[in-house]
Amino acid sequence: MISNEIINEIRDKTDIVEIIGEYLPLSARGKNYFGVCPFHEDHNPSMSVSADKQIYKCFSCGATGNVYQFVMDYEHMNFYETVAMLGNRLGIII
């Protein structure tokens with residue numbers, strides 16, 4: 001079992017814009033970033049990624065969440081696998 005402290009530390013140290021930007025192109029608009037949502041048939045950038053809040057939201061399909069939720073949905077991974085993968089990127093071995 002992974003402690004809440006480790007889960008929170010990994011989430012706090014992981015930049016959601018950087019992670020999502022590795023999966024799809026993002027462009028800055030104001031203080032947020034926008035990209036084509038990978039969770040539905042999208043042709044216009046309808047997904048907003050907030051660097052300040054460290055969350056994403058698609059204004060078309062309603063997909064939303066933090067970095068864990070994005071990776072789980074995109075990679076079809078469970079929570080433990082996602083925490084371990086993001087932790088490894090930071091040098092935190094789970």
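Predicted model: local features only at pLDDT ≥ 70, side-chain atom pairs only at ≥ 80, totals over all residues.
In helix α4, which spans residues 79-89, the buried residues are T82, V83, A84, L86 and G87. What lies over the buried residues of α4? The cover includes three other helices: α1 (4-13), α2 (16-23) and α3 (67-75).

Now look at the two ends of α4. At its start, a side-chain oxygen of N78 comes to within 3.1 Å of the backbone nitrogen of Y80. Just after the helix, G91 takes a positive phi of about 85 degrees.

## Aromatic pairs

How many aromatic pairs does the structure hold? There are seven. Let us visit F39 and F70 to begin with. Their ring centres are 5.5 Å apart and their planes meet at 65 degrees; because an angle over 60 degrees counts as edge-to-face, this pair is edge-to-face. The pair links distant parts of the chain, with F39 in the loop between β2 (32-35) and β3 and F70 in helix α3, 31 residues apart. Are these two residues buried or partly exposed? F39 is partly exposed, with a relative accessible area of 26%, whereas F70 is buried, at 0%.

Another pair brings us back to α4. The rings of Y68 and F79 have centres 5.3 Å apart and planes at 70 degrees, so this pair is edge-to-face. Y68 belongs to helix α3 and F79 to helix α4, so the pair ties together parts that are 11 residues apart in sequence. Y68 counts as buried, at 3% relative accessibility, while F79 counts as partly exposed, at 36%.

## A cluster and a charge over a ring

Some aromatic residues gather in a group. Y23, F39, Y56, F70 and Y74 form one aromatic cluster, and two of its members, F39 and F70, are the edge-to-face pair described above.

The charged end of R29 sits over the ring of F34, 4.2 Å from the ring centre.

## S48 in strand β3

To finish, find S48 in strand β3, which covers residues 47-50. Is S48 buried or exposed? S48 is buried, because its relative accessible area is 9% and the cut-off for buried is under 20%.

Which residues does S48 touch? Leaving out residues up to four places away in sequence, S48 touches N32, Y33, F34, I55, Y56, K57 and F59. Among them is F34, the residue whose ring lies under the charged end of R29, and Y56, a member of the aromatic cluster.

Methods
Residues numbered from 1 in each chain as written. Heavy atoms only, no water. Helix = DSSP H or I, 4+ residues; strand = E, 2+ residues; numbered from the N terminus. Buried < 20%, exposed > 50% of the residue type's maximum accessible area, 1.4 Å probe, protein only. Contact = heavy atoms within 4.5 Å. Polar contact = N/O pair within 3.5 Å; in protein donor to acceptor, adjacent residues only side chain to side chain. Phe/Tyr/Trp six-rings, centres within 6.5 Å; stacked < 30°, edge-to-face > 60°. Lys NZ or Arg CZ within 6 Å of the ring centre and 35° of its normal.
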